[in-house]
Amino acid sequence: MLAQKMQDALNAQVLMEAESSQIYLAMASWAEIQPGIDNVTEFFYRHSDEERAHMLKLIHFINERGGFAMIPALSQPSPTYPSIHHAFKELLNHEIKVSESINNLVDIALQEKDYATHNFLQWYVAEQIEEEALARIMNDKLEMIGDDKSGLYLFDRDILNVNVVGGGE
Ligand code: OFO
């Protein structure tokens, strides 16, 4: 059985994963109407789906442990971005916040001596390391590319081979 404090914190994480999915969906829709970045668009759509999978994994865990996963209302994400680099900067900043939130959940699990939840959360800890690293690499590349259109062409081509990490399985 989940302690109330643990359940509330996990439900807050459900919201965070749902908002991640929504933010990346907004990035995907914006990218889709920009010329020549079809693969970046696809990357954001896939990333949005992955975040939904992270949310579902939490929902099932909360309910299976005798709690109740609340499906939250979502706030509207930014619908447009000044540039692709701005979108990827926001993605990195968002992932850093998610990592902090996961670390906070791990702290609570330890305080509550809830070792099952602690064990469950290790998947998210590993996932965040990969997601942050990937976001940093992309931001470094975009920093180098600047306004160079051929650089952006190659960035879009190469992102085809990037696996969005962690589908929640
Ligand atoms: Fe759920 O991993 Fe990104 O936010």
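This is a predicted model: local features need pLDDT of at least 70, side-chain atom pairs count only at pLDDT 80 or more; totals for chains, interfaces and linings use all residues.
Gln 13 lies in helix α1, which covers residues 4-32. Gln 13 has a relative accessible area of 1%, and because the cut-off for a buried residue is under 20%, Gln 13 counts as buried.

I now come to the helix pairs. Two packed helices are described by the angle between their axes and the distance between the axes.

Consider helix α3, residues 84-111, and α4: their axes come within 9 Å and cross at roughly 160°. Angles over 145 degrees count as roughly antiparallel, so α3 is roughly antiparallel to α4. The contact of α3 with α4 comprises 18 nonpolar, 7 polar and 6 charged residues. The crossing of this pair is left-handed.

Next, helix α2, residues 38-64, packs with helix α4, residues 115-145, at an angle of about 170°, the axes being 12 Å apart. That angle makes α2 roughly antiparallel to α4. Their crossing is left-handed. On the α2 side, the residues that meet α4 include Phe 43, His 47 and Phe 61; on the α4 side, Phe 120, Trp 123 and Met 138 are among them. By class, this contact has 9 nonpolar, 3 polar and 4 charged residues.

Thank you for your attention.

Technical notes:
Residues are numbered from 1 along each chain as its sequence is written. Side-chain values use heavy atoms; hydrogens and water are left out. Axes are lines fitted to C-alpha atoms, for helices over the stretch in contact, and angles run from 0 to 180 degrees between N-to-C directions. Helices (H or I, at least four residues) and strands (E, at least two) are DSSP runs, numbered from the N terminus. Angles under 35 degrees count as roughly parallel, over 145 as roughly antiparallel, 65 to 115 as roughly perpendicular and the rest as oblique. A crossing is left-handed if the near helix is turned anticlockwise from the far one by less than a right angle, and right-handed if clockwise. Contact means heavy atoms within 4.5 Å. Ala, Val, Leu, Ile, Met, Phe, Trp, Tyr, Cys and Pro count as nonpolar, Asp, Glu, Lys and Arg as charged, and the others, Gly among them, as polar. Buried means under 20% relative accessible area, exposed over 50%, partly exposed in between (1.4 Å probe, protein chains only).
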